[in-house]
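Subject: Structure handover

Hello,

Here is the structure for you to look over. Please open it alongside this note.

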Amino acid sequence: MRFTRTRTAQVTAAVLVAVPLALGALASQTHAQEAPPSPSETFGPGCSALSQKVNTAKDDVVEAAAAYPQLSQLVSAAVRARLSDTLDGRPDVTVFAPNGQTFQKRTVSELAALLSDQEQLKKVLTYHVVDRQITPGDLPEGSFTTLEGSKLTTSGSGTDFMVNGKANIVCGNIKAANATIYVIDSVLQPPS
């Protein structure tokens, strides 16, 4: 009987120590998942698709974007709209960059119409650019004026953010010499 009581006491003590430790570890994991990303790190589910070996921190924004194949259509559109000098010439911009999959969601005729109208193309592309550096800490309830002149908003928490309630940030906080790039999964449309 004595052996059973001693054994029961040991098991009870072990449980009393193990449960709070396990709950504490669970709480710290949950808290870590909700914590905002570091201002110096990229974040998002699409970052693994981008080449993480590329260091674009010393490149101006158009050259930095060109280093990522997923942004090649955006870079081509920016060159076509003659925005390279405008974007590269600004000291601190933020670009909400639609990835290649967003352009594939458009019909051929929609893309052709947009690419053939340089003024409309410029308007759409400059709606994706904010003339200031936006950090991950600015994203939860952000409202920003774009180069196009209209407002766009950001919302979310942790590492899960949206732009205008429609476009997901799939990889955020990519650094360029004069810009921060947030890759999104939709082409934003400026208000009419």
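Predicted model: local features only at pLDDT ≥ 70, side-chain atom pairs only at ≥ 80, totals over all residues.

Numbering starts from 1 along each chain as its sequence is written, and side-chain values use heavy atoms, with hydrogens and water left out.

The sheet. Seven strands form an open sheet with mixed pairing. Their order is S2-S1-S7-S6-S5-S4-S3. Strands are DSSP runs (E, at least two residues), numbered from the N terminus. Two strands pair if DSSP finds at least two bridges between them. At the edges sit S2 (129–130) and S3 (141–145), and each pairs on one side only.

Strand S1. This strand spans residues 93–98 and is mostly covered, with six of its six residues buried. Buried means under 20% relative accessible area, with exposed over 50% and partly exposed in between (1.4 Å probe, protein chains only). Both faces are covered. Val93, Val95 and Ala97 lie on one side. Thr94, Phe96 and Pro98 lie on the other.

Neighbours of S1. S7 runs parallel to S1, and six bridges join them. Phe96 has Tyr182 in S7 as its bridge partner. S2 pairs with S1 in the antiparallel sense, over two bridges. There, Thr94 stands opposite Val130.

S6 and S7. S6 (residues 167–176) and S7 (residues 179–184) run antiparallel, joined by five bridges. Ile174 stands opposite Ile181 in S7.

Best wishes

Technical notes. Helix = DSSP H or I, 4+ residues; strand = E, 2+ residues; numbered from the N terminus.
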